[in-house]
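The following note sets out points on the structure shown below.

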Amino acid sequence: MKYKRKILITGGAGFIGSHVVRLFVNKYPEYLIFNLDNLTYAGNLENLQDVESADNYRFEKGDINDLSLVSELFHQMQFDGVIHLAAESHVDRSIHNPMAFIHTNILGTVNLMNAAREIWNDDLSKRFYHVSTDEVYGSLDETGFFTEETPYDPQSPYSASKASSDHFVRAYINTYGFPALITNCSNNYGPNQFPEKLIPLFIHNIKHNKPLPVYGDGNYTRDWLYVEDHALAIDTVFHHGKTGETYNIGGNNEWKNIDLVRLLCQIMDKETGMPENTANKLITFVKDRPGHDKRYAIDASKIKNELGWQPSLHFEQGLLLTVRWYLNNHEWLQRVTSGEYQQYYDKQYRGRFES
Ligand code: NAD
Ligand code: TYD
């Protein structure tokens with residue numbers, strides 16, 4: 001079949017990537033969707049079981065830092081678009097091991113752009129979409145919002161690595177006319193998120209009657225966006241955004257951690273049939289995260305006014321869907337917390353292309 005477009009999605013086995021891959025494979029049968037992911041602890045092919053046999057889907061296990069692999073793939077497949085999500089993504093891990101973040105988030109991004117440049121010759125009909133975070137802007141006090149003009153002020157090794165990759169993407173746009181664009185999004189939540197981030201970790205702990213470790217006094221604020229709304233924003237920006245531009249993506253949905261955790265506890269009590277105020281008792285205030293950013297809040301008016309995207313779900317709806325997904329998929333949760341899920345690739349893929 002001759003495909004209208006061939007799109008490389010990196011990190012497609014991860015949390016957000018899996019929702020983007022599913023959306024694109026189902027919505028655009030005329031596109032070839034190629035997922036490159038090296039399946040770190042956060043990459044789980046079980047997230048894509050429902051699309052793995054689709055005609056317009058391919059998967060390759062590989063590292064974005066592997067120059068010869070990435071360059072060979074570009075030459076062989078002649079991708080005309082890239083949606084780059086592969087990254088190390090957890091702030092707490094970045095505090096313990098910053099090098100992995102420098103390697104994947106910075107060097108990996110530059111490596112991909114170099115491979116794209118080899119075959120694209122900075123042709124403006126191509127498109128390299130770099131998916132980034134609002135954490136590059138640093139921390140806000142009680143008021144104000146991040147806009148696309150807010151100066152970068154990253155505070156954690158994770159956000160410093162993402163900020164650096166954003167700077168490299170902009171440097172390639174400026175220097176070579178490279179056809180790239182960037183989005184900076186707030187905290188995502190929803191199905192398939194590895195249970196180390198706040199919401200899935202706390203759902204998992206409540207299920208197992210384990211303490212809920214709230215960092216510091218819990219008065220830290222994040223803006224939360226349902227992951228499928230982020231995938232729809234990515235679809236919109238990929239097709240209609242202007243190269244050279246940056247767009248902020250957010251949920252217009254700020255929550256102090258402690259208030260969010262109390263709401264989650266209430267929903268969990270109801271959904272698991274426990275008496276009111278059962279899960280609340282597990283809340284445990286623990287030592288703060290070093291360098292903890294106080295508040296993130298996004299002004300997403302540019303993407304709304306210029307491209308017509310806005311979030312579709314209310315937080316209470318999204319949180320309920322998320323809780324139900326984790327409760328209905330306890331085997332998924334059990335396999336990712338035990339490490340068993342990592343055998344999925346061996347079972348499904350190894351040997352598949354050997355004669
Ligand atoms: P994730 O950690 O769930 O998934 C990352 C994926 O990248 C995994 O499948 C992993 O196997 C893959 N990967 C990691 N290193 C790789 C490498 N060297 N080569 C190939 N693949 C590799 O992350 P996520 O939460 O889905 O985030 C995806 C992207 O969105 C990241 O770039 C992140 O910075 C950005 N982002 C995330 C959020 C959020 O709330 N999760 C918010 C804004 C932006
Ligand atoms: P997290 O989900 O790690 O995302 P990020 O650090 O990228 O915002 O954390 C969200 C918020 O929840 C953040 O303020 C840190 C806090 N947090 C806790 O209080 N306890 C936890 O166990 C975790 C993982 C996070």
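1. Ligand 2 has a shell of 19 residues, among which E135, P213, R222, R289 and H292 are the closest; a residue belongs to the shell if one of its heavy atoms lies within 4 Å of the ligand. The model is a predicted one, in which local features need pLDDT of at least 70, side-chain atom pairs count only at pLDDT 80 or more, and totals for chains, interfaces and linings use all residues. Residues are numbered from 1 along each chain as its sequence is written, chains are lettered from A and ligands numbered from 1 in the order in which they are written, and side-chain values use heavy atoms, with hydrogens and water left out.

2. A polar backbone atom of P213 lies 2.7 Å from a nitrogen atom of ligand 2, and a polar backbone atom of Y215 lies 2.9 Å from an oxygen atom of the ligand. R222 contributes through its side chain, with a polar atom 2.8 Å from an oxygen atom of ligand 2. On its own, ligand 2 has 510 Å² of accessible area, of which the protein covers 97%; such areas come from the Shrake-Rupley method with a 1.4 Å probe.

3. At least two shell residues of ligand 2 come from each of α3 (91-96), α6 (198-207) and β8 (212-215). Helices (H or I, at least four residues) and strands (E, at least two) are DSSP runs numbered from the N terminus. The shell comprises nine nonpolar, four polar and six charged residues, where Ala, Val, Leu, Ile, Met, Phe, Trp, Tyr, Cys and Pro count as nonpolar, Asp, Glu, Lys and Arg as charged, and the others, Gly among them, as polar.

4. Ligand 1 is surrounded by 28 residues, with I16, D37, S89, Y158 and K162 the closest. A polar backbone atom of F15 is 3.0 Å from an oxygen atom of ligand 1, while a polar side-chain atom of D63 is 2.9 Å from a nitrogen atom of the ligand. The side chain of T104 places an N or O atom 3.2 Å from a nitrogen atom of ligand 1. The protein buries 96% of the 830 Å² that ligand 1 exposes when taken alone.

5. Two or more residues of the ligand 1 shell come from each of α1 (15-27), β5, α5 and β7 (187-189); β5 gives the most, with three. By class, the shell has 12 nonpolar, 13 polar and three charged residues.

6. Helix α5 (residues 157-176) has 20 residues and spans 28 Å from first to last C-alpha, close to the expected 28 Å, which is 1.5 Å times one less than its number of residues. Its buried residues (under 20% relative accessible area, 1.4 Å probe, protein chains only) include Y158, K162, V169 and Y172. Among the elements covering the buried residues of α5 are α3, α4 (98-120), β5 (127-133) and β6 (180-185). G177, which follows α5, has a positive phi near 70 degrees.

7. Where is L140 placed? L140 sits in the loop between β5 and α5, and it counts as buried because its relative accessibility is 14%. Beyond neighbours within four places in sequence, L140 contacts F145, F146, K294, R295, Y296 and A297, contact being heavy atoms within 4.5 Å. The C-alpha atoms of L140 and R295 are 5.0 Å apart, although 155 residues separate the two along the chain.

Notes
Polar contact = N/O pair within 3.5 Å; in protein donor to acceptor, adjacent residues only side chain to side chain. Buried < 20%, exposed > 50% of the residue type's maximum accessible area, 1.4 Å probe, protein only.
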